[in-house]
Amino acid sequence: MRCRLSRFPLTKAVPLAISRGTTAAVEHLLLELEHDGTTGRGETGGFDTGHRAFRTDDLAAELEAVLPALERATPEPFQALDPLLDSLSPPARCAVDLALHDWWGQRLGQPLWRLWGLDDGAIVPTSVTLGLGSEAAVLERLERWWQQLPASRIKLKLGSPEGLDHDRALVRAVAQALERRHQSHGLAGELQVDANGGWTLEQALPMLGWLDAQGVVLVEQPLAPLEDPEADCAAFAALELDCPIALVADESCWNLADLVRLAPYVDGVNIKLLKSGGLAEALLMARAARRLGLGVMLGCYSDSALLNGAAAQLLPLVRWPDLDSHLNLVDDPFVGPALVGDRLVPGASPGLGVGRARL
């Protein structure tokens with residue numbers, strides 16, 4: 001294979017604030033693998049979950065170190081590359097995994113969802129994200145989303161450093177906006193919340209019933225993730241019996257092993273390709289979650305249409321899509337998947353189905 005690693009900037013039209021801070025722009029890495037006239041592309045970039053962090057510079061160094069081995073290899077069979085992939089951190093592995101899957105799908109002339117036997121008719125609407133801020137700023141962001149697409153599923157970030165009173169005020173304001181839209185346009189809306197680990201157990205417990213009373217349908221990662229797997233499970237167990245709405249693990253769930261240990265205590269898991277290490281693990285997780293009766297959320301960080309196009313191949317397996325980061329970029333170098341109303345559809349293009357944008 002011929003390999004090329006490069007960097008590209010991604011700038012948000014609207015900066016996103018969560019409990020751990022605000023992001024306005026990032027730098028991501030593009031890995032291109034060319035073999036027999038076909039080029040596969042993969043993306044990665046740094047991120048921080050509060051208990052684990054990866055820097056883009058470190059990921060670049062990690063990938064550069066394995067490029068010689070990749071260049072001596074061929075893109076198939078995938079299994080022959082398992083030892084190399086297993087040696088990488090999840091986000092570094094993601095770049096290689098996506099490039100290999102993109103190459104494979106293009107070589108066979110089919111999108112991955114079709115090669116996996118999935119039904120694109122099963123795809124449901126994606127949520128769009130409202131970051132932390134003042135009530136006025138959050139409602140302004142909601143209106144901006146509605147100018148861009150008919151969003152029916154809203155994810156509101158909570159865990160405000162200003163405390164629970166501010167969180168409650170945001171929930172009330174957004175719930176009222178959804179009800180006004182329902183009354184004026186006849187369009188029903190769904191409200192989800194994501195605390196990004198911003199609450200203590202003492203804060204989370206009373207919030208769960210209150211959120212249910214406000215019509216919220218799910219709460220994502222109420223408590224901070226913990227490195228100790230037993231302690232992390234115990235934290236979710238402390239919430240599970242008193243949680244009247246769907247309880248979803250995000251930062252606590254990285255791979256299939258995490259999914260299995262958390263399954264008794266949650267209603268769903270948020271799969272992100274940078275956490276899982278790419279599509280191979282993510283597909284296993286999505287199928288296992290459904291077999292275990294868990295809902296699948298499919299999320300993103302500050303990702304381009306390349307990473308989200310890769311994730312979109314899994315959408316037929318997903319109950320709660322959350323692939324909106326590329327919809328908030330002013331300089332995305334890629335195009336795909338298609339936006340049909342408020343559904344993201346990967347389409348029939350082979351591989352990841354993602355093309356280059358004309359910026």
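**Pockets, a cavity and a helix pair**

Helix 3 contributes the most residues to the lining of the second largest pocket, namely four. The model described here is predicted. The second largest pocket has a volume of about 250 Å³. Its lining comprises 13 residues. Nearest the centre of this pocket lie Leu85, Arg93, Asp97, Ala280 and Glu281. Three elements each supply two or more residues to this lining: helix 2 (82-86), helix 3 and helix 11 (279-291). By class, the lining of the second largest pocket holds four nonpolar, four polar and five charged residues.

Helix 3 (residues 90-108) also packs with helix 1 (residues 56-71). The angle between the two is about 45 degrees, and their axes lie 10 Å apart. Helix 1 is therefore oblique to helix 3. The crossing of helix 1 and helix 3 is right-handed. On the helix 1 side, the contact involves Leu59, Glu62, Leu63 and Leu70. These meet Pro91, Ala92, Ala95 and Val96 of helix 3. Seven nonpolar residues and one charged residue make up the contact of helix 1 with helix 3, with no polar residues.

A total of 41 residues line the largest pocket. Lys12, Leu16, Ala17, Ile18 and Thr23 lie nearest its centre. The lining of the largest pocket divides by class into 14 nonpolar, 13 polar and 14 charged residues.

The count of cavities of 30 Å³ or more comes to one. The largest cavity has a volume of about 40 Å³. Its lining consists of Lys272, Leu273, Leu274, Gly299, Cys300, Tyr301, Asp303, Leu307, Asn308 and Ala311. Helix 10 (273-276) and helix 12 (305-312) are the elements that give two or more residues to the lining of the largest cavity. Helix 12 gives the most, with three residues. By class, the lining of the largest cavity has six nonpolar, two polar and two charged residues.

Notes:
Residues numbered from 1 in each chain as written. Predicted model: local features only at pLDDT ≥ 70, side-chain atom pairs only at ≥ 80, totals over all residues. Heavy atoms only, no water. Axes fitted to C-alpha atoms, helices over the stretch in contact; angles between N-to-C directions. Parallel < 35°, antiparallel > 145°, perpendicular 65-115°, else oblique. Left-handed = near helix turned anticlockwise from the far one by under 90°. Contact = heavy atoms within 4.5 Å. Nonpolar A, V, L, I, M, F, W, Y, C, P; charged D, E, K, R; others polar. 1 Å grid on protein atoms, 1.4 Å probe; cavity = no way out; pocket = protein on both sides within 12 Å on 5 of 7 lines; lining within 4 Å. Points joined across faces, edges and corners; volume = space filled by probe spheres on them.
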